[in-house]
Amino acid sequence: MFTGIVEEIGEITAVEPAGDGVRVTVKAPLSVSDAGHGDSISVSGVCLTVVDQGTDWFTADVMKQTLDMSTLANVGAGRPVNLERATAAHGRLGGHIVQGHIDGTGVVREVRPGAQWSVVRIGIPAHLAPLVVDKGSIAIDGVSLTVSAVSEAGDPEPWLEVSLIPETLEATTLGRAEAGTPVNLETDILARHVQRMLAFRSTENPAAPAATTERGSA
């Protein structure tokens, strides 16, 4: 589990085929400082497992499903990535609950620089649009952010906007994003649970007996 507070910008240093997936090596001095075999590290929002490591690097396997769902599909040596170690149970929840399970990818449409911050508009897949709300939380490339604007319901090309403060621009790869940059998206886990429950409710048998909470009921 992560919080979306990026700890360092690392760099992909090697990518090797591994069956229908790949094995990546990441330069990550801070992230491996207390990491061990089997630990989880978020790589631009994707939860990966440490399988080998050195003093300033670690290696992880990326399976085909993850490649299909994320920007790691086209990863190559030299790419900067946002890194975050799994949060400790006694740690502060500085961002929001982030699983490291990518829902899909979006594409930066526009970056509007301001005096103290930048507003970034990102085009998102239509099936994710209902899970994104104004002032809600979203993880973009592993960065916990607050949605500052959203497209109208039914927009054929849905989008969201986030406002990035100087710290975020400096401490994450989002400071280098420009129109056309693909990004990983993870929507709020609570929104996904609600959507799933509503899907079951809409298909439940109206003739089925309603559940009761009366004392003595089964």
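A salt bridge here is a side-chain nitrogen of Lys or Arg within 4 Å of a carboxyl oxygen of Asp or Glu. The model is predicted: local features need pLDDT of at least 70, side-chain atom pairs count only at pLDDT 80 or more, and totals for chains, interfaces and linings use all residues. Residues are numbered from 1 along each chain as its sequence is written, and side-chain values use heavy atoms, with hydrogens and water left out.

**Salt bridges**

The structure holds nine salt bridges. Three of them are listed here, among them Arg 85 with Glu 7.

| Pair | Closest N to O |
|---|---|
| Arg 85 and Glu 7 | 2.8 Å |
| Arg 112 and Glu 161 | 3.0 Å |

Strands are DSSP runs of E, at least two residues long, numbered from the N terminus. Arg 85 pairs with Glu 7. Arg 85 lies in strand β6 and Glu 7 in the segment before β1 (8-18), so this pair ties together parts 78 residues apart in sequence.

Glu 7 is partly exposed at 32%.

Asp 61 sits in strand β5 (residues 57-62) and Arg 23 in strand β2 (residues 21-27), so the pair ties together parts 38 residues apart in sequence. Asp 61 is partly exposed at 37%. Arg 23 is partly exposed at 34%.

Arg 112 bridges to Glu 161. Arg 112 is in strand β7 and Glu 161 in strand β11, so parts 49 residues apart in sequence are tied together. Arg 112 is partly exposed at 32%, whereas Glu 161 is buried at 6%. Salt bridges with shared partners join Glu 110, Arg 112, Arg 121 and Glu 161 into one network.

**Enclosed space**

A cavity is a set of points on a 1 Å grid, over the protein atoms alone, where a 1.4 Å probe fits but cannot get out; lining residues have an atom within 4 Å of a point. Volume is the space filled by probe spheres set on the points, which are joined across faces, edges and corners. The count is one cavity of 30 Å³ or more. The largest cavity has a volume of about 40 Å³. Its lining includes Val 108, Ile 140, Leu 145 and Ala 177. β8 (118-123) and β11 (159-164) each supply at least two lining residues.

Conventions. 1 Å grid on protein atoms, 1.4 Å probe; cavity = no way out; pocket = protein on both sides within 12 Å on 5 of 7 lines; lining within 4 Å. Helix = DSSP H or I, 4+ residues; strand = E, 2+ residues; numbered from the N terminus. Buried < 20%, exposed > 50% of the residue type's maximum accessible area, 1.4 Å probe, protein only.
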